[in-house]
Amino acid sequence: MDRYICEPCGYVYDPEIGDPDNDVEPGTPFEELPEDWVCPVCGATQDMFIKEE
């Protein structure tokens, strides 16, 4: 599964870890995040993330 980086702050969403603090289970691909999920560090929306190369 691909990791995604928040362009504004550099937070990396790793699907193997998920985002347990925001009820996103480990193993959740970025493409399957809830529509209202935002960066837990800076609040950026999902369209501000880029796939890690």
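Modeller: A search of the whole structure finds 3 salt bridges. The model is a predicted one, and side-chain atom pairs were counted only at pLDDT 80 or more.

One of the bridges is formed by the side chains of Asp-2 and Lys-51, with 3.5 Å from N to O. This pair links distant parts of the chain, since Asp-2 belongs to the segment before E1 while Lys-51 sits in strand E3 (residues 49–51), 49 residues apart. Asp-2 counts as partly exposed, at 38% relative accessibility, and Lys-51 also falls in the partly exposed class, at 42%.

Another bridge joins Asp-14 to Arg-3, where the closest N and O atoms are 3.5 Å apart. Because Asp-14 lies in the loop between E2 and E3 and Arg-3 in the segment before E1, this pair ties together parts that are 11 residues apart in sequence. Asp-14 counts as buried because its relative accessibility is 14%, which is under the 20% limit for that class. Arg-3, at 31% relative accessibility, counts as partly exposed.

Arg-3 also forms a salt bridge with Glu-52, and here the closest N and O atoms are 2.8 Å apart. Arg-3 is in the segment before E1 and Glu-52 in the segment after E3, so this pair ties together parts that are 49 residues apart in sequence. Glu-52 is partly exposed, with a relative accessibility of 30%. Through shared partners, the salt bridges join Arg-3, Asp-14 and Glu-52 into one network.

To place these pairs in the fold, the protein has 3 strands and 0 helices, and its elements run β-β-β from the N terminus on. With 53 residues, a compact globule would have a radius of gyration near 10 Å, and the protein, at 10 Å, agrees with that expectation. The C-alpha trace spans about 25 × 25 × 15 Å along its principal axes. Residues 24 or more positions apart account for 43% of the contacts with a separation of 6 or more. Of the 53 residues, 32% count as buried, and the accessible surface comes to about 3,600 Å², with 46% of that area belonging to carbon and sulfur atoms.

In soluble globular proteins, nonpolar side chains tend to be buried together. When neighbours within four places in sequence are left aside, Leu-33 is in contact with Tyr-13, Val-24, Thr-28 and Gln-46. Its C-alpha atom is separated by 14 Å from that of Ile-50, which is 17 residues away along the chain.

The cysteines deserve a careful reading, for the structure holds 0 disulfides. The sulfur of Cys-6 is 3.6 Å from the closest cysteine sulfur, in Cys-42, which is too far for a bond, because a disulfide requires the two sulfur atoms to be within 2.5 Å. Cys-6 is buried, with a relative accessible area of 1%. Cys-9 is in no disulfide either, the nearest cysteine sulfur being that of Cys-39 at 3.7 Å, and Cys-9 is partly exposed, at 34% relative accessibility.

Gly-10 lies in the loop between strand E1 (4–6) and strand E2 (12–13), and its relative accessibility of 41% makes it partly exposed. Gly-10 and Cys-39 are 29 residues apart in sequence, with their C-alpha atoms 9.8 Å apart in space.

Notes:
Residues are numbered from 1 along each chain as its sequence is written. This is a predicted model: local features need pLDDT of at least 70, side-chain atom pairs count only at pLDDT 80 or more; totals for chains, interfaces and linings use all residues. Side-chain values use heavy atoms; hydrogens and water are left out. Helices (H or I, at least four residues) and strands (E, at least two) are DSSP runs, numbered from the N terminus. The radius of gyration is taken over C-alpha atoms; the globule rule is 2.2 Å times the number of residues to the power 0.38. Buried means under 20% relative accessible area, exposed over 50%, partly exposed in between (1.4 Å probe, protein chains only). Contact means heavy atoms within 4.5 Å. Accessible areas come from the Shrake-Rupley method with a 1.4 Å probe; for residues, only the protein chains shown count as cover. A salt bridge is a side-chain nitrogen of Lys or Arg within 4 Å of a carboxyl oxygen of Asp or Glu.
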